[in-house]
Amino acid sequence: MSVSAGVPEQIEEALVTHRRGFLKSAGLLAVSFGAFVGAWTTEAVAQSSGGAKGAGPYPDPDFRQIDSWIVIHENNSATFYVGKTDPGQGTGTGFRQLMSDELDIPFDQTACIMGSTDITVDQVGSGGSTAMERDSWPMRRVAAEARRVLLEMASARLGVPVDQLAVSDAIVTVKAEPSKRVTYGELIAGKKFNITLTGNNVNSVTGQAKTKSVPELKNTGQSPQRDDIPAKVDGSLKWAVDVKLPGMVHARNVKPPFACAKLTGIDESSVKGLPGFIKVVSKGNYVAVVCEREEQAIRAARQLKTTWQKPSTAPFPASEDLFSYMRAAAPISASRPLLAGDSETRNPESRPIVVGNPDAAFSGAAKTIEAEYEIPFQGHTAFAGAHATADPSNGQMTVYSNDMKSYGMRRCVAAFLGMPHDRVRVVWMQGPQGFGRTAAEDAGCEAAWIAREIGRPVRVQWMRDEETAWDTKSPAFLVKMRGALDSDGRLVGYEYYARSCDYNHLGYNEPDTVLIAQLMGSRRARPASGSASMPSDMYAIPNRKMAGEVVGLPIVWETPLRTGNLRDPNGPQPTFAAESFIDEAAAAAKTDPLDFRMKMIKADTNDDAGFRRARSIAVLKAAAEAYGWDPRPSPKPIGTGKVLTGRGIAYSFRGQTVVAQIAEVEVNRQTGHVWAKRLVCAHDCGLVVNPESLRHAVECGTLHGLSRAIHEEVRFDTEKVTSLDWFSHPTLRHADVPERIDIVLVNGDPNPNRPDLPPYGAGEASLKPMLAAIANAIHDATGVRIRRVPFRDDRVLAALKAAGV
Amino acid sequence: MSKIELKVNGRSHTLDIEPATPLLYILRNDLGLQGPRFGCGLGQCGACKVIINGAAVPSCVMPVSSVKGEITTLEGLASNGRLHPLQQAWIDEQVPQCGFCQNGQIMTAKAMLDKNPHPTDAQIRESMNGTLCRCMSYYRVQTAIKRAAKTIANASPVFGKEVVA
């Protein structure tokens with residue numbers, strides 16, 4: 001039984017009432033604990049919430065109170081309240097496993113409520129694969145503390161010292177006399193813990209109790225089924241797109257027809273006679289149409305006549321000229337030594353990293369190789385457009401949203417509207433996974449602004465062309481690399497120089513960069529500089545020079561080419577270049593590419609990096625073993641058939657999580673079509689909380705990497721994005737899926753040899769090496785090196801023809 | 001506006017509605033059937049699919065006046081409190097990540113299995129190819145379809161008939 005991914009608003013109503021012991025609304029309390037999922041509709045809740053609860057204000061739950069995190073019910077079940085969101089990786093189930101272990105309560109007697117800002121503490125929400133690595137720790141410590149407090153209560157109740165008590169399955173017994181027992185529910189249901197925790201912030205919050213060691217965890221390392229899935233397959237789940245409120249109307253945006261367009265006129269008469277028309281709302285260059293019904297708003301937004309003035313300069317080059325533009329552009333953040341006043345952490349790539357003496361290594365090299373790699377803008381392209389519903393009732397603002405960082409959205413909406421923080425709440429609900437897009441969410445502020453303008457609840461949703469054109473983009477990268485090989489074929493010199501088109505990189509829910517703010521002209525003075533990241537420091541190459549620079553487009557505001565954080569932000573691009581290049585070096589040395597890598601990974605356990613390299617060796621070996629890797633140089637002798645096959649390997653890490661991937665591809669030499677027939681992903685992220693959820697996340701991340709390798713690219717002319725749908729910005733399809741995928745969890749479940757290894761981040765890391773693994777496999781099959789992403793049929797075919805394959 | 005009769009999941013509805021309105025908005029906003037979802041509005045992704053006359057069709061581009069035949073939505077697949085074998089396979093194989101597309105995956109798979117109860121891997125890929133998933137749950141979708149096909153084949157003929165929409 002669970003509610004973690006279900007219908008937070010309903011649950012919130014019942015449980016807040018339950019928890020705080022007021023508002024004894026019979027209708028709410030009559031709902032049994034097990035009946036929350038799907039039992040209520042959002043309409044019912046919205047209609048019932050016209051009273052005290054809906055009115056606000058909404059103060060922040062106090063993270064220093066156990067009661068903000070855990071509620072124990074009379075029937076000896078528990079509800080956990082956590083400040084995270086679960087966009088579909090099963091983290092909610094994982095939190096239940098860890099917290100039920102610490103609390104000593106059966107997993108099946110727990111539920112987890114996530115992400116609604118007025119009833120869960122602010123743990124930021126989701127992002128960066130931090131769920132288990134960082135955010136599960138305060139949950140565990142609070143659950144351990146709750147167990148300690150319950151044991152003290154049992155001691156008082158049973159008249160026996162704590163050390164003579166045992167606890168199992170939420171029942172405390174006297175060790176010497178097991179018939180003497182009391183349940184957690186009997187101890188505390190209907191009352192509060194009233195225990196204040198310590199810690200300066202939510203990440204450091206703790207009580208007196210210690211968390212358990214890994215071998216003491218029972219549910220952790222098991223694979224209970226994800227609790228959000230049944231309601232997702234029977235149609236009962238209520239998503240953020242499903243919210244209906246009394247009096248709610250529908251709005252659709254009218255986007256500028258080209259970048260940096262100035263609105264010069266609106267002809268409202270073009271839509272006034274349309275059925276259901278309510279109003280055109282506009283400020284600056286922002287325009288939306290509001291109608292009674294959804295399809296009416298869609299029609300009216302399409303039909304509204306507006307006039308716009310073009311900017312005096314072209315906002316960007318056309319996509320086919322992007323890389324020549326990036327080569328010629330003056331960098332915004334140039335490589336330079338660190339200056340006084342520079343932030344060491346903000347832009348470490350703004351200064352080159354030099355190790356050893358690269359110039360000497362190159363001048364003394366037996367062989368020098370160089371290559372240049374191009375990765376275009378790629379879209380987040382969430383499965384449905386940005387959406388939110390805002391309710392301005394009672395002088396407050398409630399936003400129903402799937403924003404993965406709902407707490408940030410709350411701050412953003414409050415700041416954008418100029419409302420006090422405690423007058424705004426965001427109710428998090430499920431939505432299409434956005435890979436970072438839903439943390440730079442636009443619809444929340446739009447819905448809230450329109451709702452305040454017209455004084456009614458408003459539902460906003462972006463259309464497909466709008467989302468694909470105007471969502472945030474992963475920055476384009478241009479990477480030049482050079483390598484020096486000595487006479488024994490060892491890589492002794494290495495240069496990496498990246499340029500990213502990433503000026504004005506959007507952060508999370510910023511009230512002065514969110515698109516509506518840009519269009520209304522209320523934007524910050526200075527854009528964020530973005531980053532041109534380095535590849536992970538994977539190999540012991542004695543002489544290295546690495547640098548990165550950011551370049552900007554001519555116009556960076558009010559443009560659909562706005563960059564943001566896409567799943568492992570700026571990780572896949574440098575890794576594509578770096579891991580392709582290592583293969584090129586191995587080919588130049590006529591060495592097996594796995595062996596070439598292995599010889600450059602120096603294991604030790606003295607520091608974090610050495611520890612990671614030791615685990616890298618294990619992960620690469622595991623991938624090779626699972627695949628049945630046969631050592632030989634690449635490319636293999638080129639076949640004569642219509643279909644050429646090859647295999648490629650690449651590896652990387654993100655934080656302490658290490659991933660090695662092997663792709664086996666078929667390349668059709670007549671069409672240029674690349675099919676990844678088989679994929680292997682070996683993965684080590686430390687402690688595994690739920691192996692099945694982890695495998696799923698790794699499998700889907702790996703395939704997302706494949707999609708970015710073979711399909712995804714943003715196309716544009718000199719004034720607008722022209723890839724607007726699933727054909728012009730394609731994504732992976734059923735026919736692209738490998739016939740076999742092996743996920744190898746190197747760390748075990750959990751590994752008894754490393755019992756106290758903590759969990760590291762999982763999910764995003766599995767995208768990182770995939771692009772290079774595919775490129776390396778294409779080279780192995782055909783002898784042709786494709787250095788431009790994505791490897792679409794026409795591009796591959798042209799490269800094969802140019803090489804005479 | 002005109003009177004439109006719709007039969008959905010065994011129930012009849014009479015609506016006074018603009019005949020050009022795409023079926024999707026009527027299902028979601030008037031009939032409270034929110035299994036079908038808006039993904040693209042272009043008939044490209046499959047999120048809005050429903051089954052009419054045995055075919056899984058996108059409801060986002062289908063004017064309500066053009067609907068000829070009974071509509072089955074995701075909510076109508078379970079019978080007598082039992083999930084359809086596809087839905088159960090989706091749980092057993094833990095198919096969804098975010099799950100937003102899964103209405104389309106399940107409805108497309110059902111229409112396919114109703115016509116072809118023993119699809120080959122190639123037929124599954126081909127039949128499902130127009131139904132997209134941005135989380136990339138495809139591999140599990142295909143596994144779950146094969147699992148459900150087995151379940152249906154092993155069930156009684158009566159049950160087999162019952163699941164045909």
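**Figure 1. How chain A splits into domains.** Chain A of this predicted model comes in three pieces: domain 1 (8-238), domain 2 (245-312 + 381-470) and domain 3 (589-802). Domain 2 is written as two stretches of the chain, 245-312 and 381-470.

**Figure 2. Where domain 1 meets domain 2 in chain A.** Here 26 residues of domain 1 are in contact with 22 residues of domain 2. Which elements give two or more residues to the domain 1 side? They are α1 (8-20), α3 (42-48) and α4 (52-55) of chain A. Sort that side by class and you get ten nonpolar, twelve polar and four charged residues.

**Figure 3. Strand β18 of chain A and its side chains.** Take a look at residues 458-461, which make up β18. A:V458 and A:V460 point one way, while A:R459 and A:Q461 point the other way. Buried or exposed? All four of these residues are buried. As a rule, side chains in a regular strand alternate between the two faces of the sheet.

**Figure 4. The partners of β18 in chain A.** Strand β7 (residues 249-253) runs parallel to β18, and three bridges join them. In this pairing, A:H250 stands opposite A:R459. Strand β15 (residues 387-391) runs antiparallel to β18, with four bridges between them. There, A:A388 stands opposite A:V460.

Methods. Residues numbered from 1 in each chain as written. Chains lettered and ligands numbered in written order. Predicted model: local features only at pLDDT ≥ 70, side-chain atom pairs only at ≥ 80, totals over all residues. Buried ≥ 20, exposed ≤ 12 C-beta atoms within 10 Å, placed from the backbone. Pairing = 2+ DSSP bridges. Domains from an automatic or database assignment. Contact = placed C-beta atoms within 7 Å. Nonpolar A, V, L, I, M, F, W, Y, C, P; charged D, E, K, R; others polar.
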